[in-house]
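Reader: I have a model open on my screen. How do I read its sheet and its pockets?

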Amino acid sequence: MTENPGSAAIALADDEKNVPLMLYTPNAMIWGEVIVKQAIRASTWLRTNAAPDKILVNNAKFLLTTTSNAMQPAAFRELIVPLATVGAYHLIPPASDPLDYDPTEPNRIMMPVVILLGSTKIIGKMRMTQQSNLQKYLNVTHELFSSVYDAVITNTVLPSLGTLRIPYLQVRQEMCIFGTL
């Protein structure tokens, strides 16, 4: 997942930064660069009020994940992705943000989970209270996106994509299927 050859330079304002981001939809993977304000933590950006209705991805690559035929990613100078189609997203390593929780907070557990989004399979952990379980957590939180930690991402239709290990990502509750290990 490298930059496009001859990718377009992106002009940034003083209060902006360019962030490498991976988006997952039920039928595709999209990666490239997005511009966000310096004050925004890009790894949780779409959970905030600053989230756009449409995400502009510069120097984008698009890979259809619904066929096992070997395909090359399509390159675009820009792609505009409706937020409603995004089922999961994360920063592209080595880019990183600090974790979005306090690890010393008492009475919390990391629940192992499996998350399915189209042909994308995510194995990771979700942080919740000790008295909770996955079903209770999902019924109570009603978050648009939830954090998943220590994630291992594979594609069941395209195993040739390999395995991606991510410290954390965000998944859209209403678009994903959740399971416990």
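**Sheet first, then pocket**

Author: This is a predicted model. Start with the sheet. Its 10 strands form an open sheet, in the order E4-E3-E2-E1-E5-E9-E8-E7-E6-E10, with antiparallel pairing.

Reader: Which strands stand at the edges?

Author: Strand E4 (74-82) and strand E10 (177-180) do. Each has a single partner strand, so one side of each is left without a neighbour in the sheet. From one strand to the next, the twist averages 35 degrees.

Reader: What holds strands together in general, and over how many bridges do E7 and E8 pair?

Author: Strands of a sheet pair through backbone hydrogen bonds, parallel or antiparallel. Here E7 and E8 pair in the antiparallel sense over 5 bridges. Look at Lys125: its bridge partner in E8 is Tyr149.

Reader: Where does H1 lie?

Author: H1 lies across strand E6 (108-117), E7, E8 and E10. It runs at about 80 degrees to E7.

Reader: Which residues lie nearest the centre of the largest pocket?

Author: Arg108, Arg127, Met128, Tyr137 and Glu143, out of 17 lining residues.

Reader: And what is the lining of the largest pocket by class?

Author: It has 7 charged, 5 polar and 5 nonpolar residues.

Definitions and conventions:
Residues numbered from 1 in each chain as written. Predicted model: local features only at pLDDT ≥ 70, side-chain atom pairs only at ≥ 80, totals over all residues. Heavy atoms only, no water. 1 Å grid on protein atoms, 1.4 Å probe; cavity = no way out; pocket = protein on both sides within 12 Å on 5 of 7 lines; lining within 4 Å. Nonpolar A, V, L, I, M, F, W, Y, C, P; charged D, E, K, R; others polar. Pairing = 2+ DSSP bridges. Helix = DSSP H or I, 4+ residues; strand = E, 2+ residues; numbered from the N terminus. Axes fitted to C-alpha atoms, helices over the stretch in contact; angles between N-to-C directions. Contact = heavy atoms within 4.5 Å.
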